[in-house]
Amino acid sequence: MFEKTLIPVAYGERPEEVRKAGTILKTLGANSVCLYHVNEPGSFFRGADLSWLTLLSEALEETGLVVEVKTGEGHIASAIAETALLEGVDGIYMKAKRRWHIETMLLGSVSRDLLRLADVPVFVHKVRPRLPDDGADPAQSDLNVLYATDLDEASARTLPYVMEFAGAWCHVLHVRGRMADPLAERVRREAVERELGTVAEELRPYFGRVTVEQQIGDPAAQVLYVSDQIEADVVVLGRKSAAFLSAPMGYTAERIVTGSRASIFLVPQPGRRNAS
Amino acid sequence: MLREYLRREGVFLLSAGIILFFIGFGVARPDLLDSASSAVHAAILDNFSWLYLISVFFFLAFALGLALSRYGTIKLGYDAERPQYGFFGWIAMLFAAGMGIGLLFWGVSEPLVHFLQPPPFIDAASPDAASFAMRYAFFHWGIHPWAIYTIVSLSIAYFSFRRGMPALISSCFYPVLGERIYGAAGKTVDVLAVFATVFGTATSLGFGALQIHSGLTHLYGLSSAISVTIGIILIATALFMASAIIGVEKGVQVLSKFNIVLATVLLFLVLALGSPPYVLNVFASTLGGYINNIIDLSLQSYPFAGFEWSRDWTVFYWAWWISWSPFVGLFIARISRGRTIREFVLTVLTVPTLFTFVWFTIFGGSALHLELEEGAGIAAVAGEDVSLALFAFLEHYPFAGILSLAAILLLIVFFITSADSATVVLGSLTSGGGLVVPNYKKVVWGLSLSAVAIVLLLTGGLDALQVMAITAAFPFMLVMIGLCYTLAIGLSQEKVQ
């Protein structure tokens, strides 16, 4: 899943932070990493010395990963998404920084754009799972995974990624709207239960424990609520195109990424090529 | 046992309790009731006039949007179901729903009052004021009231006929409330519907009683004391309660049909005995002005000059229609089973509206003709007492006595049929949406309607009627916005080509 991972880095990134990221990625099965820096046109740091990149690369290599350094130019999120595609990486890793309070409330515009544009899965590392120096020793087998599924065709693409997390507990959550009458609601609930049961059966060989749940309400709010309830380490979800009306509020995945304490693994919609 | 009864009859007990408290309060402290309701009314008008305008315009846009969208082909019933009534029978019943005391009360007086007391930017009693008066009469009685009824009736019809739920307003909220429609939240919605219906209908009954009294005074020199108006209400109450309790449904139907025929005869007599070419010119030019300005009219509150006018008229009307909407909505829903949404919306929005336009043109246009061309002085009468305008107008026609008597007869029959239907609808709304309503509920609601009308007339007359219609409609307007949302959710779950 993370065999080859792209880590976008910016000037000022600290080597010890990158090293922690490397440890986590190694835990999740990464072999090689592409450190990628984008020179934004007109940036103050454009043309500056890039020796800091070498330092980051060395820090990552200490974790046993094969590291490759690349730089690009242009609109940052588009360049990252495009490079991820061209380099054939399995995913993009982003650490949600908590240095500034504003970043805990709103994702930076680059991160938001990247979540929309990336054609490969994006892993946004939040508070959980904890890093080694936070007093925890991350192990994949200890992971609590929340799999938020729409039970539609797009979700089928997400399922293999969930299997690869293969942790201690996978909680499968489906959030939907209520049907317009009690009979239709009962029929829908039973159908969803059956579908969730099938998904659970598929996941059972990979996790110590698999549970299912369906909720009615706002998908982002419910995913965040359940994620906190079960103290999920990772929330896996598929990305869908934003509905026109939801654009001002941000689409579901963005709202989950912004509000979640668990890390998010976002799988793009199949058949869509944004960066290209 | 008691717990089960309270749960089952929660809506009835709560709404009847509130209405009885209101009546008791009005009898014991009419001054306090007047000041309290005036304060609430002023607060609503000062702060939310704009919301009435925007909401009603939205209801119209929403209804038209549904009719013209792919959801227009969805049936109000199961897919294979055929309409319960034939097209012409259905249209006749829509006419019956659309016609009532209001048309008689305001048909002459509204254009004349606008003509005499337009907003400050128009010269009173001028040709411009006449044109303005007719356009606003069309606007207040045109497509917008029917859009309000459409939202309620469409929601009830969709959720009860297609989704198999009880014919209650609360049923329409299942997509957002779920099982809570059977709890406090759902009961609150139904209580608000009952509350709006009681005050909306009582307002109309009050208008009707005032006008019957004015007509009798005009014809027979009856005393103009309020006690006579109360006496008229009491007699009419005895008649409609007897009809509701005995269940003379057929009799009421016969009366309704008789009234439609009588109203139509009166309409054409007034046209034929007046000045048909003038009136038909008024119709064409007002219709043109109405269509041309409909968006401006819909959202215009004249905030820079004439805000008071807009509040007193447009907002009052919107509130009155909203307070009538559970009653009329339920009736229209019941007769529309098996129609498609497109057929339902387009017919309900156009057919009764056209009839109302014709009515206002003939009565209002003829009155303006008499006023402008012959200096009849009816506008001054309407300015003094709106309930007298119709009879002052008929004075200028041959057989004035017979025409006035026919108008009074129409008013009495409308009073009885409206109150009878409202009693049954209120009983149904407080009996879980069932068609079989226990007699004690009919008695409670029949007496409540009349008692509320009497209390309002005693506390402040016509103004008090208008105040309570606006106040009672406000919460239900919010319910209606919710109805649009839940209807959209329900329809979005339909599989349509």
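A salt bridge is a side-chain nitrogen of Lys or Arg within 4 Å of a carboxyl oxygen of Asp or Glu. The model shown is predicted: local features need pLDDT of at least 70 and side-chain atom pairs count only at pLDDT 80 or more, while totals for chains, interfaces and linings use all residues. Residues are numbered from 1 along each chain as its sequence is written, chains are lettered from A and ligands numbered from 1 in the order in which they are written, and side-chain values use heavy atoms, with hydrogens and water left out.

**View 1. Salt bridge between chain A and chain B.** A:Asp181 and B:Arg163 form a salt bridge, with 2.8 Å between the closest N and O atoms. Contact (heavy atoms within 4.5 Å) joins 13 residues of chain B to seven residues of chain A. The two chains bury about 760 Å² between them, of which 54% lies on carbon and sulfur atoms; buried area is the accessible area (1.4 Å probe) that two parts lose on being put together, summed over both. On the chain B side, B:Arg163, B:Tyr174 and B:Gln493 lose the most area to chain A, together 63% of what that side buries.

**View 2. Salt bridge within chain A.** Over all chains the count comes to 21 salt bridges. One of them pairs A:Lys70 with A:Glu87, the closest N and O atoms being 3.6 Å apart. This pair links distant parts of the chain, 17 residues apart: A:Lys70 belongs to strand β3 (residues 66-73) of chain A and A:Glu87 to helix α3 (residues 76-87) of chain A. Helices (H or I, at least four residues) and strands (E, at least two) are DSSP runs, numbered from the N terminus.

**View 3. Helices α7 and α14 of chain B.** Helix α7 (residues 143-162) of chain B packs against helix α14 (residues 307-335) of chain B at an angle of about 40 degrees, with the axes 7 Å apart. Axes are lines fitted to C-alpha atoms, for helices over the stretch in contact, and angles run from 0 to 180 degrees between N-to-C directions. α7(B) and α14(B) are therefore oblique to each other; angles under 35 degrees count as roughly parallel, over 145 as roughly antiparallel, 65 to 115 as roughly perpendicular and the rest as oblique. Residues in the contact include B:Trp146 and B:Tyr149 of α7(B) and B:Trp318 and B:Trp321 of α14(B).

**View 4. Helices α7 and α15 of chain B.** α7(B) also packs with helix α15 (residues 341-374) of chain B, at about 145 degrees and with the axes 9 Å apart. Among the residues in contact are B:Trp146 and B:Leu154 of α7(B) and B:Phe344 and B:Pro352 of α15(B).

**View 5. Helices α5 and α9 of chain B.** The axes of helix α5 (residues 101-116) of chain B and helix α9 (residues 184-220) of chain B come within 9 Å and cross at roughly 60 degrees. α5(B) and α9(B) are therefore oblique to each other. B:Ile101, B:Leu104, B:Phe105 and B:Trp106 of α5(B) meet B:Ser204, B:Leu205, B:Phe207, B:Gly208 and B:Gln211 of α9(B).
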